[in-house]
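Please look over the model below.

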Amino acid sequence: MKAIGTHVYDYLVQQLPQPIALINTNFELVTASRAWKDYFEKANQSVIGNTILKLWDTTGSTLWEKQLRKSFNGHIESGIQYWTSEEGRERWCKWTTTPWRDANENILGAILKVEDVSDQMEQEAKYEKLESLLRDQSEITKVGIWEYHIDTDQLSWSEMTKKIHEVPLDFVPSVETGINFYKQGHSRNTIAMLIHNGIHRGIAWNEKLQVVTAKGNERWVIAAGKPLYQNNKITRLVGTFQDVTQQVAQEIKTRESEQLLRTLVDNLPLNVFIKDLESRKVLVNKAECDYLGVDDPNAVLGKSDFDLYENDIAQISRDEDLQVIKTQQPILGKRTIGVKKNGNSTPFLTSKIPWLNLKGESKGIIGISVDISEIVQKENQLKDLINVTAIQNKKLINFAHIVSHNLRSHTANFAMLLDILVKEKEDVEKERILEMLGEASDNLMGTLENLNEVIDISTNVNLERKSLNLNEQITKVMQNLSAILQQNHGKVVNEISDQVHVKAVPAYLESILFNLLTNAVRYRHPDRTPEITLTSRWEKEHTIFSIKDNGLGIDLSRYGNKLFGMYKTFHNNKDARGIGLYITKNQIEAMGGTIMACSEVNVGSVFSVYFKNEA
Amino acid sequence: MLDLSSVYTLRMKHKSVYIIDDDSITIFGLRKLLAKVSEDLLIQEFNNGKSALDAILLLRENKQALPEVIFLDINMPIMDGWTFLEEFLKLSGIPSTTIKIVTSSIDIRDRKKWESYANTSKHQIDFITKPIYELDLADMTNLHKVS
């Protein structure tokens with residue numbers, strides 16, 4: 001049987017285009033197609049007479065034997081088997097066993113057909129992997145997919161697309177229901193138009209729109225779609241559907257808080273600026289822009305203080321910034337001065353706060369400053385007022401003292417003399433007392449005249465000052481003094497240029513010059529003839545007139561604070577009234593000037609009068 | 001004004017009184033009032049603190065008797081009453097003296113100044129506000145006591 005059958009089968013089986021083998025009931029390979037031999041190559045699987053039990057592996061498996069036996073019993077069996085070739089290649093093989101019968105339906109064995117499905121299996125694995133990846137991704141990014149067949153009018157949604165719409169998974173959408181999920185108005189109109197354009201004009205889209213879910217929740221989605229062509233005809237639309245509600249909400253929130261912050265910062269009545277590590281402006285608010293004289297913050301962003309302010313001021317500011325950056329300690333409420341390139345200076349109260357990143361490293365500084373010009377101005381006014389008040393008060397006290405002392409001393413003298421006169425019996429003595437009363441009366445008159453003069457000056461603070469030629473005034477005064485100068489052989493050296501002018505009240509200037517010149521002669525040194533030198537110099541705010549003598553001099557360490565006091569005399573000079581320098585000082589101060597004295601005993605004195613240049 | 005030699009010769013007989021004042025009327029009045037208290041007084045006038053201080057320094061140097069009572073004005077040229085008082089209080093080797101500050105001032109600061117001197121000095125320092133109509137009994141006893 002073997003011999004007869006073999007030839008017939010051999011010839012036939014060998015020509016079959018698929019890997020097919022005949023196996024007898026002893027599990028021996030009877031014959032195989034050439035394709036079989038090619039598939040299993042030179043392995044012993046294809047050697048006739050060899051056992052088929054070790055087809056997949058060298059040990060042989062009982063499961064494989066069982067399956068073959070089933071075919072011997074008339075069943076058709078199939079399965080997929082993994083095996084490794086001699087070269088180590090991994091293979092997937094689909095096999096089918098069919099009973100092998102003779103003409104009398106006697107089973108001779110089994111027909112074994114194999115088909116290599118390695119490629120298929122690989123593709124399948126890849127596909128599964130991709131699909132699961134897509135599912136995961138879709139879950140994470142909340143991106144759903146949809147597909148619309150134009151000819152069948154069928155719309156299909158992916159699981160995620162349904163989830164976003166909050167519909168059950170068995171929901172069957174249509175284009176109409178789909179569009180109706182979009183929020184009425186802009187969103188719905190837009191999507192309807194986009195789908196129309198997609199179908200009829202082949203335009204793809206990608207748009208952020210709002211939907212209202214089946215549960216009534218509003219959501220922001222990015223709807224994207226794209227037409228697909230078949231034979232130059234649009235047959236399908238496919239697209240994605242992404243839930244971006246959270247991102248949008250986040251975005252809106254961020255934008256809103258940014259807007260809030262910006263509005264707040266811009267409307268603060270403070271100058272706010274943020275600077276980076278190089279002290280370049282990163283942010284400025286409206287007040288700061290206004291101060292810097294720009295409309296657009298971009299005009300100053302990126303600029304440093306050196307670009308905006310005077311060098312000295314910029315350096316101070318930079319040093320402060322560096323201190324804050326380095327120590328991370330704020331500078332709070334410091335008085336600073338901003339001097340712009342054009343020289344305009346503004347006083348500020350400035351705070352600089354360290355600007356840190358999330359790691360706590362310095363990023364720069366946040367600065368806040370308040371323009372305190374008005375406060376400073378008020379402060380200065382107040383200071384001036386206090387000064388004036390203090391001076392006035394001092395004068396007043398001094399004056400009250402003078403009045404109390406001098407007027408009282410005269411009246412006391414009257415009272416005393418009258419008392420003595422009443423009690424006196426001798427006529428000669430009475431006569432003498434009467435003389436004294438007359439003297440007291442003259443003294444009182446003199447004092448009253450002095451006081452009047454002082455009051456005149458103090459009450460005429462606003463007398464108009466005129467520009468006066470200094471030498472003309474000196475010449476005028478000298479004419480009045482010529483007698484006393486000649487009498488003492490006095491010499492006056494005038495080094496003042498004829499061009500020098502001072503701003504003064506004419507009567508005051510005359511009085512001042514008269515007093516100073518008179519004093520220079522009056523307190524001459526007994527051992528030498530008086531020599532008086534007049535000079536002048538000019539400073540930014542004052543024109544200074546100086547008068548130098550070679551007279552007695554005054555011990556300033558002793559009398560300095562009393563020199564210009566009222567009724568203070570320092571020399572045993574019977575002409576001294578102790579009023580001249582007091583009046584002179586008052587007149588000079590009434591014109592906003594000052595007077596200073598230098599002196600050395602037995603050498604001489606220099607008096608310098610500072611006339612204010614400004615009106 | 002008496003010269004120093006006459007002061008010396010009269011020293012044993014008379015009590016020495018200084019009037020330091022630049023106002024002739026006050027000096028005249030004081031002399032009149034003092035004459036009523038005692039006729040045994042040697043009165044010397046000085047019209048500023050400096051000349052009085054110089055006289056006192058000379059007396060101390062010559063170990064001569066110093067004034068027992070000093071009438072002292074405040075406002076004077078060259079050296080005023082306060083400066084004189086300060087210089088005088090600084091001097092050593094001066095026996096207890098009565099100093100009467102005579103002033104027309106009613107300035108509270110002058111009175112305060114006097115109080116601070118009066119409270120810290122070994123000398124008897126009084127404060128008399130003008131006008132003076134007479135020197136009271138205490139002034140007189142004081143004079144006699146010192147003598």
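A polar contact is a pair of N or O atoms within 3.5 Å; within protein, one must be able to donate a hydrogen and the other to accept it, and residues adjacent in sequence count only if both atoms are side-chain atoms. By this rule, five residue pairs (both at pLDDT 80 or more) are in polar contact across the interface of chain A and chain B. This is a predicted model: local features need pLDDT of at least 70, side-chain atom pairs count only at pLDDT 80 or more, and totals for chains, interfaces and linings use all residues. Residues are numbered from 1 along each chain as its sequence is written, chains are lettered from A and ligands numbered from 1 in the order in which they are written, and side-chain values use heavy atoms, without hydrogens and water.

**The interface**

- Chain A gives 29 residues to the contact and chain B gives 27 (contact means heavy atoms within 4.5 Å).
- Two salt bridges link chain A and chain B (a side-chain nitrogen of Lys or Arg within 4 Å of a carboxyl oxygen of Asp or Glu).
- B:Lys32 and A:Glu424 form a salt bridge through their side chains, at 2.6 Å from N to O.

**Two helices of chain B**

- Helix 4 (residues 81-90) and helix 5 (residues 108-120) of chain B pack at about 5 degrees, with axes 12 Å apart (helices are DSSP runs of H or I, at least four residues, numbered from the N terminus; axes are lines fitted to C-alpha atoms over the stretch in contact, and angles run from 0 to 180 degrees between N-to-C directions).
- B:Trp82, B:Leu85, B:Glu86 and B:Leu89 of helix 4 touch B:Asp110, B:Lys113, B:Trp114 and B:Tyr117 of helix 5.
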